Each structure stands twice: as structure tokens, then as C-alpha cells.
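Here are some notes to read alongside the model. Please keep the sequence and the 3D view open while going through them.

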Amino acid sequence: MAPKRPKGAGAFPKPVESPAPKPPDTAELYAALDLGTNSCRMLIAQPKGSQFHVVDSFSKSVQLGSGLETTGRLSRASMARTTQALRICQQKLKRHKVKRMRLVATEACRRAKNSREFIRQVRRDTGLQLEIIQPEEEARLAVISCAPLVSTKTEQLLVVDIGGGSTELVWIDLRSVPNRDRPRAIMRLHAGFHPSDSPFPAAKVVDWISVPLGVATLRDQFRDVEDDSARFALMSWFFEENLSEFAPYANEQIREGFQIVGTSGTVTTVAASHLGLKRYDRTKVDGLRMTSDQIDKVIRNYLMLGPQGRRRDPRIGQDRQALIMSGAAILQALLRCWPTDRLSVADRGLREGLLYAQMSADGVLEDGPF
């Protein structure tokens with residue numbers, strides 16, 4: 001006698017469905033847009049603990065400052081390229097229904113004679129209201145974005161943000177802050193470099209400077225020098241000359257307890273070259289520590305490659321080969337002044353600083369380590 005067929009035998013098993021990821025609450029979303037001399041970049045994020053989670057992003061080379069060094073004006077072509085990129089940003093902001101945002105422009109718009117006209121044109125064409133921020137705020141936002149990378153053993157900190165049109169340097173004394181509170185003390189600078197009396201131990205900003213030379217503006221100063229090595233040397237020494245008013249410049253710095261945090265495409269590209277990456281990987285680059293000797297070795301290799309070799313290098317590429325040498329010239333000048341065994345590479349900057357500042361002001365970040 002054949003056994004009875006069990007009930008339900010042969011039926012398709014009920015599929016197990018994993019729940020769809022919960023879409024972010026639009027009421028929690030923040031946006032930060034950084035329109036620089038070279039690039040237009042935006043992040044949309046939501047607070048998560050003491051940090052934030054990126055929901056969407058945008059980055060495009062627009063070369064807004066192209067020709068600015070010669071004419072003092074933003075060209076029609078560069079404004080058109082930039083406006084097209086900003087339209088994409090506007091579409092992303094609309095799609096995510098972002099209400100809290102800061103959309104800032106930096107050195108190119110600070111210097112251009114027709115920047116106000118450009119800002120009005122962007123408002124008409126995209127509905128976005130750009131805000132031109134001053135160098136001190138740009139420097140401050142770069143500093144707070146790097147707070148998670150500050151070592152609890154650091155007593156003297158130099159934060160360097162190499163941009164397209166300018167370079168910001170901020171020197172911070174952390175000796176009066178307990179070791180475990182040092183990263184958090186950096187975050188508190190979102191209220192200003194010289195905040196009013198606070199019950200918390202304060203990070204002391206010894207000095208800061210915004211040098212009107214970035215990777216694009218420094219390159220443009222020496223376009224007429226044909227020899228690659230000579231041009232590099234001239235750019236590096238010229239940048240160092242422009243640091244003479246920076247107060248800590250005259251002091252010999254002890255390496256122990258001293259940390260530099262560098263934030264820029266230059267620093268991250270040098271780090272990727274040092275690691276020998278075939279494809280850029282932020283998780284390997286952000287937070288990497290390098291010595292002066294390691295950085296110098298990468299820069300010497302760039303010079304050996306020459307323009308054609310740099311164009312073929314997957315970490316540099318066609319578009320950035322000229323810019324990487326002006327950025328490397330700035331980096332070399334800084335390390336001549338302040339050699340270090342601890343240069344921390346930051347794949348973060350103004351956008352992250354804008355997000356931290358907005359979220360901190362709204363009190364939506366948990367009181368974590370930063």
C-alpha cells in the first residue's frame with residue numbers, strides 16, 4: 001500500500017522576502033554643496049549617531065575659475081558648465097525633498113568681478129541660492145570635517161585644505177584639552193575660531209591663513225614655464241613665500257605630538273599613489289598616515305613620469321596631470337616648513353564640515369567621541 005501523500009507536498013515553498021530598505025525620512029535630510037574653483041560637489045545625508053549617513057552625492061569638474069587669473073571674470077563657458085551641473089544638484093535636492101541645506105561658493109566667486117551676476121543667474125536658472133562664504137568660515141569648516149582623524153595624542157595640529165583657488169591653513173594648540181576630548185574640542189570650533197566662554201576645554205586657534213593660491217591658480221601663475229621640473233620648483237618656492245605672514249612659520253616644530261591633517265584631491269591622490277592602488281578606494285585612503293619621506297618619494301616619482309606618464313597613470317589621469325603637480329608643489333612647500341611623521345589623509349572637507357555644522361547647530365548629533 002502506497003504511503004499517503006503528505007498534505008501540501010509538491011507545493012512551492014512560500015518565498016521569504018527581506019524587507020525593503022526603509023527610505024530616509026525627508027525631515028531628517030541635510031544637504032551641503034561646495035562650488036569651488038574647479039569642482040561642484042554636493043552631499044545629501046541624514047544624522048546617524050555622532051556621524052551622518054550619506055544618502056546621495058554629486059561631483060563634477062566644472063572649472064569655474066578657468067581664465068579668472070587673466071581676466072578677473074568668470075567666463076561664459078565656465079558659467080554655463082557650472083549652471084548645468086547645478087541643475088543636476090537641484091534635481092537631486094527636489095527628488096529627496098531636502099529642506100535643510102547650505103549651498104556655498106568659495107575662492108573663484110570671491111575674486112571674480114562678475115560673481116554677483118553669476119549668483120543671480122544661477123538663482124533664475126535653477127532656483128538655487130548660492131552663498132559666497134569668507135575664507136575664515138571655509139577654513140573652519142575644513143577643520144571640523146577632519147575632527148574624527150585627530151589623534152588623542154596630538155598637542156599641536158595643522159589642518160591644510162588645498163583647494164582649486166586657495167589654500168587654507170589652521171594651526172591649533174590642544175595642550176590644555178584632556179587627551180580623550182581633543183577630537184570633540186575640534187568639533188566645537190563650528191561656532192567660531194574664537195568662541196565665547198565655554199565650560200568645555202577649548203582648542204586654541206593659534207593662527208590661520210587663506211593663501212589665494214590653489215591647484216588651479218598656482219598652475220596658471222607658471223603656465224609659461226615649459227620645463228616640468230623647473231615649473232614645479234618655482235611653484236613650490238613661490239607658495240612658500242606666500243606663507244611668510246603665518247605666525248607659526250617661524251617656529252621650529254618638534255615632530256613628537258605634532259600632526260598635520262591634509263584634505264584635498266592632491267593629498268588623496270598622493271596617498272593612492274603611495275598605496276599603489278589600481279582603482280581609488282576611499283576606505284583605504286581616508287585616515288591613512290604618511291611620513292614626509294613617503295610623500296617626497298611619490299612626488300619625485302611624479303616628476304620622473306613627466307606629463308605624458310602622469311596622464312597615463314590611473315590614479316592621476318588626463319584631466320588632473322597638470323593640477324597634481326601644482327598641488328604637490330604646495331604639499332612639498334608645507335613639508336619643508338613642517339616635516340612630520342604623521343600627515344593624516346582626509347578624504348573629506350568643506351561639504352562634510354557644512355553637514356557637521358548644520359547638524360551640530362540643530363542638536364541632532366549624539367554626543368559621541370567627536
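1. Tyr 30 stands opposite Ala 45 in strand S2. The model is a predicted one. Six bridges join S1 (residues 30-35) to S2 (residues 39-48), and the two strands run antiparallel.

2. S1 and S2 belong to an open sheet of five strands, in the order S3-S2-S1-S4-S5, with mixed pairing. Strand S3 (51-61) and strand S5 (131-132) stand at the edges; each has a single partner strand, so one side of each lacks a neighbour in the sheet.

3. Helix H13 (residues 350-362) packs on this sheet and touches S1, S2, S3 and strand S4 (100-105). The direction of H13 makes about 145° with that of S1.

4. Is H13 largely enclosed or left open by the rest of the structure? It is largely enclosed, because 10 of its 13 residues are buried. Among them are Leu 350, Leu 354, Leu 355 and Met 359, but also Arg 351 and Glu 352. The cover over the buried residues of H13 includes helix H5 (135-145) and helix H6 (182-187), along with S1, S2, S3 and S4.

5. The length of H13 can be checked. At 1.5 Å a residue, its 13 residues should span 18 Å, and its end C-alpha atoms are 18 Å apart, so the two agree. Just after H13, Gly 363 takes a positive phi of about 70°.

6. For the protein as a whole, there are 13 helices and 11 strands. Buried residues make up 53% of the 370 residues. Of the contacts with a separation of 6 or more, 74% are between residues 24 or more positions apart.

Key: Residues numbered from 1 in each chain as written. Predicted model: local features only at pLDDT ≥ 70, side-chain atom pairs only at ≥ 80, totals over all residues. Heavy atoms only, no water. Helix = DSSP H or I, 4+ residues; strand = E, 2+ residues; numbered from the N terminus. Buried < 20%, exposed > 50% of the residue type's maximum accessible area, 1.4 Å probe, protein only. Contact = heavy atoms within 4.5 Å. Pairing = 2+ DSSP bridges. Axes fitted to C-alpha atoms, helices over the stretch in contact; angles between N-to-C directions. Expected span 1.5 Å × (residues − 1).
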